[in-house]
Amino acid sequence: MTRLFISMFRKPAVLAALIFILSTLSVGSANPPANSPSVKGKKVLLVWGGWDGHKPKEFKDIVAPWLKEQGAELIISDSLGVYTNKELMGSLDLIIQMWTMGKISREQEKGLLDAVKGGVGLAGIHGGLGDSFRDNTEYQYMVGGQWVAHPGGVIDYSVQITNHEDPVTKGVNDFKIKSEQYYMHVDPNVKVLATTTFSGDHDAWIKGSVMPVVWKKYYGKGRIFYFSIGHDPEELRIPDAWQIWTRGVNWAAESKYEPAEKWVSPVYPGK
Ligand SMILES: [Zn+2]
């Protein structure tokens, strides 16, 4: 029997067929069909509050129905106290926060940072993630940027997609928006997906400045997704913006399931 088996492989046709089958199998296992990232079945905590000018309740009312419709297990809280619930925080897949300015206690901040470090994703827009808790630098280190100005207030500007390969912005069009054009202090190691350019009409010395609008990053094992539009949460309804937002949220929800993407961007090339 063994001899018959071996002799079969001496026949070129059989051997060729076998090699073909093996090669398909190995290609199959090396490149499994990529499942689209999704919040379906994921445990998501939506935290809203802070400065009323950013309409955190309206944000919640736009985002929560979508999360439910997508099949997420949704927990909504209007208190930062939820960040101290260790058991809950550890069990989450994603936190979406809309909390501009305000104060966070040391214990609440630790609960949030520890959860994200451990692999819980974090997503948010505008001041709700990028201008929260101004006293807390470790929080800002996690987010990867901090709002510092919006010259001219609410103005017309455009958002340019700069990364056409990343699944979050692939196929998305540049779009125009009337909002606050966020000027931010940004971590040079974030992965920038879209930018905006300042005209200099309001602050002449920043004419031509190119500023990140959409970025991804890691903090520990947790994925961070940030989008700087959204002074009025209704801006999320711009079709291209909505696509970026929902894809970014889906991406951030996968920290615990997908391997970390390694990137540190060489903005300042060294030797
Ligand atoms: Zn604003």
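Helix H3 (residues 56-69) lies across strands E1 (43-50), E2 and E3 (94-100), and runs at about 170° to E1. Helix H8 (residues 239-252) packs on the sheet and touches E3, strand E4 (121-125), E7, E10 and E11; the direction of H8 makes about 170° with that of E11. Axes are lines fitted to C-alpha atoms, for helices over the stretch in contact, and angles run from 0 to 180 degrees between N-to-C directions. Residues are in contact if their C-beta atoms, placed from the backbone, lie within 7 Å. The model is predicted: local features need pLDDT of at least 70, side-chain atom pairs count only at pLDDT 80 or more, and totals for chains, interfaces and linings use all residues. Numbering starts from 1 along each chain as its sequence is written.

The chain has eight helices and 11 strands; these are DSSP runs numbered from the N terminus, helices being H or I of at least four residues and strands E of at least two. Nine strands form an open sheet with mixed pairing, in the order E2-E1-E3-E4-E11-E10-E9-E6-E7. Its edge strands are E2 (73-77) and E7 (175-180), each pairing on one side only. From one strand to the next, the twist averages 25°. Strands pair if DSSP finds at least two bridges between them.

Strand E11 (residues 222-227) pairs with E10 (residues 210-219) in the antiparallel sense over six bridges. In this pairing Tyr219 stands opposite Gly222, and Val214 stands opposite Phe227. The hairpin of E10 and E11 has two residues between the strands, and Gly220 takes a positive phi near 60° there. E4 and E11 run parallel and are joined by four bridges, with Ile125 opposite Phe227.

Six of the six residues of E11 are buried, so this strand is largely enclosed by the rest of the structure. A residue is buried if 20 or more other C-beta atoms lie within 10 Å of its own, exposed if 12 or fewer, and partly exposed in between, with C-beta atoms placed from the backbone. Gly222, Ile224 and Tyr226 lie on one side of E11 and Arg223, Phe225 and Phe227 on the other. Over the chain of 271 residues, 39% are buried.

Thr195, in strand E9 (residues 191-197), is partly exposed because 19 other C-beta atoms lie within 10 Å. Beyond its neighbours within four places in sequence, Thr195 is in contact with Gln160, Thr162, Val210, Met211, Pro212 and Val213. The C-alpha atoms of Thr195 and Ser158 are 8.7 Å apart, at 37 residues apart in sequence.

Definitions and conventions. Contact = placed C-beta atoms within 7 Å.
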